[in-house]
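Colleague: Could you walk me through this one? I'd like to ask some questions as we go.

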Amino acid sequence: MEKVLTRHIGQGMNPPRLVDYQQSGGYEGFRNALRMKPAEVVDLVKASNLRGRGGAGFPTGMKWSFVPPGEPGQVRYVIANADEMEPGTYKDRWLLEGDPHQFLEGMMIAAHAVQALTGYIFLRCEYTLAARRLQEAIEENTRANLLGKNILGSGFNFSLHLHSSAGRYICGEETALINSLEGRRAVPRAKPPFPQVSGLWGKPTVVNNVETFCNLPHILRHGPEWFIGLGLVKDAGTKIFGASGRVKTPGAWELPMGTPIREIFEKYAGGMQDGYRFRGFLPGGGSTDFLVEQHLDLPMEYDVIGKAGSRMGTGQLIVLDDRTCPVAMVLNLVRFFAQESCGWCTPCRDGLPHAGHILMEIEQGRGQARDLEKLEGFTRFLAPGNTYCALAPGAVEPLQSALKYFREDFERHIQQKGCPYRH
Amino acid sequence: MQERIEMITLEGRTGSADGLSPEEAAEILAGLSQYPDNQAMSIEALKIVQHHRGWVSNESLKAVAAFLRLSPEEVEGVATFYNLVYRQRVGTHVVRVCDSVSCWIMGCEALVGELQNKLQLTLGETTADGRFTLLPGPCMGACDHAPVVMVGDDYHFDVKAEAIDALLKPYRQKPL
């Protein structure tokens, strides 16, 4: 398969400097964008069918089109959500460390499309290698007049800043991210107004994921038809897929949209380690529903994974094996989300620790038969629409699907008054 | 409007630098130029002070607030929200063991046990010599190399319990 996002990334390869990046066609997409009207760039990205790679899969061009038309020179912002913290996800770190210019070019294209004068990269604190490489690339671009005033004589001004986080998963929620960038506690904001209308410091703001930005240079260089042609299914382009857990060769791989899950699991992840058997997987991070054997032949396609009862999310599989307790795995996930809740709304703040407590009781052999009904109640109570943001609904996705696919494990814990997986 | 945003000026934006070192004040001032207001710099300013002093004491927090012309309560509000701002003294090297799902599947609990043994402490504690603090940490974004341990800014991949001594050795040898 043709490598697009990872053409400069691989073992033993250093991230390309500006001169090397440009020699291999880098910043051609950005130059093309500068020759187009901003609205034409938005239309082109719409036509490419690019969907957000942060997890929600929202069409990128449509997201941009919600920025209201304004006077030239009006203050607007573009923000990169580089706060990668979804459990089981490590694709953005790879892209940032491996090819910082590709990512910056994407941000610059987006900035031109929505006519943003200033951009911020909201980078998670731990990604210090990515921070150094991004800072170097920003400095290279500033010296080359690819950033700053009157970029390449186009009249377009854009300055870009790196902002490193201080922790907390909730910063990945785009309105919480904006609050954090403003120096506030990272609690989500009510929507509407959406950030495209009133975001950072009340100005129109577009927030996109790192991998989403990385696709843009190629779309602007080769066109939407080419991009659509990369996908094996209705979804366009390639995607960084991955697998962790007890697989033989955990990792991340750039593959076409629509690649069958079995291919990712067997061919790239090498199947299960010796002595372990496959039981199921979370298809796209810690906040996605379990899928099982019967789903392995499905393509990694947003709507197909959605119809199967889960979400493609970040596209990085977390594999459950037969020697790992599904109850304890769900307990681990619920504890993560309970800890990372911002505490703003009561269902999430009180509900997740309570669900975690019930799971712990079951895991430690003090479970009651009616606990499963209680847990099912939580999955409904914390469903979309009942909480301020998507954290709690995401948190109960693995729980609700574990109750469906691994119900006998929950029941055995209660009957045996203990965890059958701990000997 | 374009004129306004490009004329972000630092003049008159800061208050007294008492309680901050010249380096800390200079770094905070440099960072301010990225943002149109001072509040946006508050988290980064705390991180700058923490970088120099290891943690953020009440005195440090008040000094940051005064320099940024924010109320100490406002700054405390963000300081307590973000888990990587340490409001207690921590060791020279903060050892964080990822306890999220992929690392848990791959055996992070054994690593925590081994680290507690080797460092003679429990999670959340600091060694008597002030060298190490052991903390759990949420997903560190390297799940294909689970289990993951971070020491300060250093990532350690595919960590095995029997390799903990070797992992800690270079940090034990650094002067305090």
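What follows is a chat about a strand, some salt bridges and a few backbone details.

Colleague: Before we start, what kind of model is this?

Modeller: Keep in mind that local features here need pLDDT of at least 70. Side-chain atom pairs count only at pLDDT 80 or more. That's how we handle it, as the model is predicted.

Colleague: Is strand β8 (residues 316-321) of chain A largely enclosed or open, and how many of its residues are buried?

Modeller: Look at both faces. Gln316(A), Ile318(A) and Leu320(A) are buried on one side, and Leu317(A), Val319(A) and Asp321(A) are buried on the other. So β8(A) is largely enclosed by the rest of the structure, and the count of buried residues is six of the six.

Colleague: Which strand pairs with β8(A) in the parallel sense?

Modeller: Start from a bridge: Leu317(A) in β8(A) is the partner of Ala243(A). The parallel pairing has four bridges, and the strand in question covers residues 238-245 of chain A. That's β5.

Colleague: And which one runs antiparallel to β8(A)?

Modeller: Here, Val319(A) in β8(A) has Phe281(A) standing opposite. Four bridges join the two strands. The antiparallel partner, residues 278-282 of chain A, is β7.

Colleague: Are Asp235(A) and Arg51(A) buried or exposed?

Modeller: The cut-off for buried is under 20% relative accessible area. By that cut-off, both Asp235(A) and Arg51(A) are buried.

Colleague: Where does Asp409(A) sit, given its salt bridge with Arg279(A)?

Modeller: The closest N and O atoms of Asp409(A) and Arg279(A) are 2.9 Å apart, and both residues are buried. Arg279(A) lies in strand β7 of chain A, so the pair ties together parts that are 130 residues apart in sequence. As for Asp409(A), its place is helix α17 (residues 407-416) of chain A.

Colleague: What relative accessible area does Asp350(A) have?

Modeller: Asp350(A) meets Arg349(A) in a salt bridge at 3.7 Å, N to O. Arg349(A) counts as partly exposed at 36% relative accessibility. Asp350(A) is partly exposed too, with a value of 45%.

Colleague: Now the backbone. What is omega for the cis peptide bond between Ala146(B) and Pro147(B)?

Modeller: Pro147(B) is in the loop between β2 (132-137) and β3 (149-151) of chain B. The bond joining Ala146(B) to Pro147(B) is cis, with omega at about -5 degrees.

Colleague: Last one: what is phi for Arg168(A), which is not a glycine?

Modeller: Arg168(A) lies in the loop between β3 (159-164) and α8 of chain A. At 12% relative accessibility, Arg168(A) counts as buried. Its phi is positive, at about 90 degrees.

Technical notes. Residues are numbered from 1 along each chain as its sequence is written. Chains are lettered from A and ligands numbered from 1 in the order in which they are written. Side-chain values use heavy atoms; hydrogens and water are left out. Buried means under 20% relative accessible area, exposed over 50%, partly exposed in between (1.4 Å probe, protein chains only). Two strands pair if DSSP finds at least two bridges between them. A salt bridge is a side-chain nitrogen of Lys or Arg within 4 Å of a carboxyl oxygen of Asp or Glu.
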